[in-house]
Amino acid sequence: MRYQSPQPKRRFLAGVSCPKCQAIDAVVQVNITDPTPDEYIECTQCGHSEHRPDPDSISAKNNAEDQLARDAMATGTSGTVKFRN
Ligand SMILES: [Zn+2]
């Protein structure tokens, strides 16, 4: 079976209150993989949803990308062969 279910994964967050209606144990964490991997929380009471970005993972990701960019630039400049017209 190669069919992949588009259904997002939902997981209840025990003890978490909705930032909008303050309902406790009504918030689920939703993980989607389509069209792009994403993660957010959703209140089953009022339908409120919002992203919950993890600051640590975001900064780590940015640092990694910066490092990749620097590496690419360093190898690009040092290994560049200049052609004369
Ligand atoms: Zn709510």
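From the N terminus on, the elements of the protein chain run β-β-β-β-α. That makes one helix and four strands; helices (H or I, at least four residues) and strands (E, at least two) are DSSP runs, numbered from the N terminus. Please keep in mind that this is a predicted model, in which local features need pLDDT of at least 70, side-chain atom pairs count only at pLDDT 80 or more, and totals for chains, interfaces and linings use all residues. Residues are numbered from 1 along each chain as its sequence is written.

### The sheet

The four strands form an open sheet in the order S1-S2-S3-S4, with antiparallel pairing. S1 and S4 stand at the edges, each with a single partner strand, so one side of each is left without a neighbour in the sheet. On average, neighbouring strands of this sheet are turned by 25° against each other, direction ignored; the axes behind such angles are lines fitted to C-alpha atoms, for helices over the stretch in contact, and angles run from 0 to 180 degrees between N-to-C directions. Two strands count as paired if DSSP finds at least two bridges between them.

| Strand pair | Sense | Bridges |
|---|---|---|
| S1 (residues 9-12) and S2 (residues 27-32) | antiparallel | four bridges |
| S2 and S3 (residues 38-43) | antiparallel | six bridges |
| S3 and S4 | antiparallel | three bridges |

Moving on to S3, Val-28 is bridged to Glu-42, while Ile-32 has Asp-38 as its partner.

### The loops

A hairpin of five residues leads from S2 to S3. Pro-35 is found in this loop between S2 and S3, and the peptide bond that joins Asp-34 to Pro-35 is cis, with omega near 5°. The hairpin of S3 and S4 also has five residues between the strands, and there Gly-47 takes a positive phi near 85°.

The loop between S1 and S2 contains Gln-22 and Asp-25. Gln-22 has a positive phi of about 65° although it is not a glycine. Asp-25 is a residue other than glycine too, and its phi is positive, near 60°. How exposed is Gln-22, given the C-beta atoms within 10 Å? Gln-22 counts as exposed because 11 other C-beta atoms lie within 10 Å, whereas Asp-25 has 14 C-beta neighbours inside 10 Å and counts as partly exposed. The cut-offs are these: a residue is buried if 20 or more other C-beta atoms lie within 10 Å of its own, exposed if 12 or fewer, and partly exposed in between, with C-beta atoms placed from the backbone.

### The chain as a whole

Buried residues make up 4% of the 85 residues in the protein chain. Among the contacts with a separation of 6 or more, 23% are between residues 24 or more positions apart; two residues are in contact if their C-beta atoms, placed from the backbone, lie within 7 Å.
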